[in-house]
Amino acid sequence: MVQADDLVEYGFRRVIITITAVMCALLEIVDTTIVNVALTNMRGSLGATLTDVAWVITAYAIANVIVIPMTSWLSQQFGRRNYFAVSIIIFTTASFLCGNATNIWELVAFRFIQGLGGGALLVTAQTIITESYPVAKRGMAQAIYGMGVIVGPTLGPPLGGYIVDHASWPFIFYINIPLGIIATILTLTFVRSPKYGEKLKANQVDWWGILFLASFIGSLQFVLEHGQQDDWFNDSTIVFLSVLSLVGLLAFVWRELTYKHPIVNLNVLKDGNLRIGILMGFILGFGLYSSTLVIPIYTQSILGWTATDAGLLLIPGSITTAILMPFVGKMIQKGIPQGYMVGCGFLVFFVFTFWMRNIMTIDTGVEHFYWPLIFRGIGLGLLFVPITALSLSTLTGKSIGEGAAFTGMFRQLGGSFGVAIVTTFITRFSQKHRVDLIPHLDGTRLEVQQRLEMLQRGFMSKGFSANEALKKAYQVIDFSVLKQSTVLSYMDIFMYLGIMFLCCIPIIFLIKRGKTKINPADAMH
């Protein structure tokens, strides 16, 4: 029987296991965002509507969040190495099928299967890395894992843009195939499994728990993904799925607390540091994914950048995070409390959001973004590793895997909530600012008349009649009002994000130190 302590690896084996796990986590996260820039091409080649093609993202996200909480249980049933290898094979095979899809619903079905494999990769990779390092080096292990998790969402859009511009959209899926084959071989050769007791028989499996979990998480994810475009609770489907999600949550909690062999061990949440860690992870996901969404939309829709340029803008900040993470890992090893670093990280994020708010105009240049995004990279580095290490700091044995599943799920859900709330408020704030700006366009004001006259003359010089030219002049002014109101809404979003991060700083005082003299960072086993 392989005990948890026996899973610690050294030398060449640990290097290979680390590379394999990080590569799999990176594959999964890149695939979450890589399709975003290819949706237009998919619509054209598959003859789909915008609503239909949005399911390519939604199906993957729903499958992801359903399978993440179950990964620890599935690992225990089938052995971690076998489960990890099968997940890679499912992900890789589904990637091939996605590239060969002949219609939109085939693609959506294969993306769902890909999401089932991918969700497992993320959490299992984290557990494998954590258990492969000795106790004193767990902070560094989380730093290495964190590089893949933070760089992944940023790498997706520019990589997707480049592939779509120079090849065709199926290749965003085909690039997973060689990496998946290598990862499968390395996993079967080097990764070892702990053994936690006997496997359950088919009649002992918590099928009701799986059903309740799927209805709760799946419905919630759909509501978050489609709420804004379907006008939230004015849409009967959104209302029905919101109720289903709430009922599913209550039934799931009841089932897991009363059934002898639960699919998700909720008792692990009795650990205070895990509870604080998943709350902070939720907020980190909220900030990471919502700011990763807002910046490319702003640069493309307001500043007129290409998708590739918008994606490339985020890379210097991600490189900063990747460089910083090993140093943060070393700081944790030296016993610097994670709470201090998390507090500094939230403060840095607060400064970043207000800096972004102040540089936003309708003609902001690339040079204005550079330092704020570097600052964002520093904030992510100070947040991700300490939060992850803190979450797992007082857990032992199989609880590490169960805790990692919760941190992964809540980070994903935080991202989904962030994207849903931010897109909703961008629309609402834009409408509000438009209403506020219209009175300033009073036709009796001299500067408004001069602007209209100048635009009218410009259109008349291009051959338009006086009436046509005046109509086009009004359209130009209306578009400039729309543009300005959208910029003001982005400024509001960054302000509220900043306030949220500032309010999170007091949470660090709830963190408990270990009962022994060992720092929680070093007590992760």
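At roughly what angle do the axes of helix α5 and α6 cross, and within what distance do they come?

1. The model discussed here is predicted, so that local features need pLDDT of at least 70 and side-chain atom pairs count only at pLDDT 80 or more, while totals for chains, interfaces and linings use all residues. Residues are numbered from 1 along each chain as its sequence is written, and side-chain values use heavy atoms, with hydrogens and water left out.

2. The axes of α5 (residues 80–99) and α6 come within 8 Å and cross at roughly 150 degrees; axes here are lines fitted to C-alpha atoms, for helices over the stretch in contact, with angles from 0 to 180 degrees between N-to-C directions. The helices themselves are DSSP runs (H or I, at least four residues), numbered from the N terminus. This crossing is left-handed, a term for a near helix turned anticlockwise from the far one by less than a right angle. The contact of α5 with α6 has 15 nonpolar, 7 polar and 3 charged residues, where Ala, Val, Leu, Ile, Met, Phe, Trp, Tyr, Cys and Pro count as nonpolar, Asp, Glu, Lys and Arg as charged, and the others, Gly among them, as polar.

3. Helix α4 is largely enclosed by the rest of the structure, because 7 of its 8 residues are buried, that is, under 20% relative accessible area with a 1.4 Å probe and protein chains only. Among the buried residues of α4 are Trp 73 and Leu 74, and just after this helix Gly 79 takes a positive phi of about 90 degrees.

4. The whole structure holds 3 cavities of 30 Å³ or more, a cavity being a set of points on a 1 Å grid over the protein atoms alone where a 1.4 Å probe fits but cannot get out, with lining residues having an atom within 4 Å of a point. Of its 10 lining residues, the closest to the centre are Thr 71, Ser 72, Ser 75, Arg 80 and Gly 401. The largest share of this lining, 4 residues, comes from α4, and the lining as a whole divides into 2 nonpolar, 7 polar and 1 charged.

5. Elsewhere, α16 (residues 366–391) is mostly covered, with 19 of its 26 residues buried. Ala 310, found in helix α13 (residues 307–312), counts as buried because its relative accessibility is 0%.

Technical notes:
1 Å grid on protein atoms, 1.4 Å probe; cavity = no way out; pocket = protein on both sides within 12 Å on 5 of 7 lines; lining within 4 Å. Points joined across faces, edges and corners; volume = space filled by probe spheres on them. Helix = DSSP H or I, 4+ residues; strand = E, 2+ residues; numbered from the N terminus. Buried < 20%, exposed > 50% of the residue type's maximum accessible area, 1.4 Å probe, protein only.
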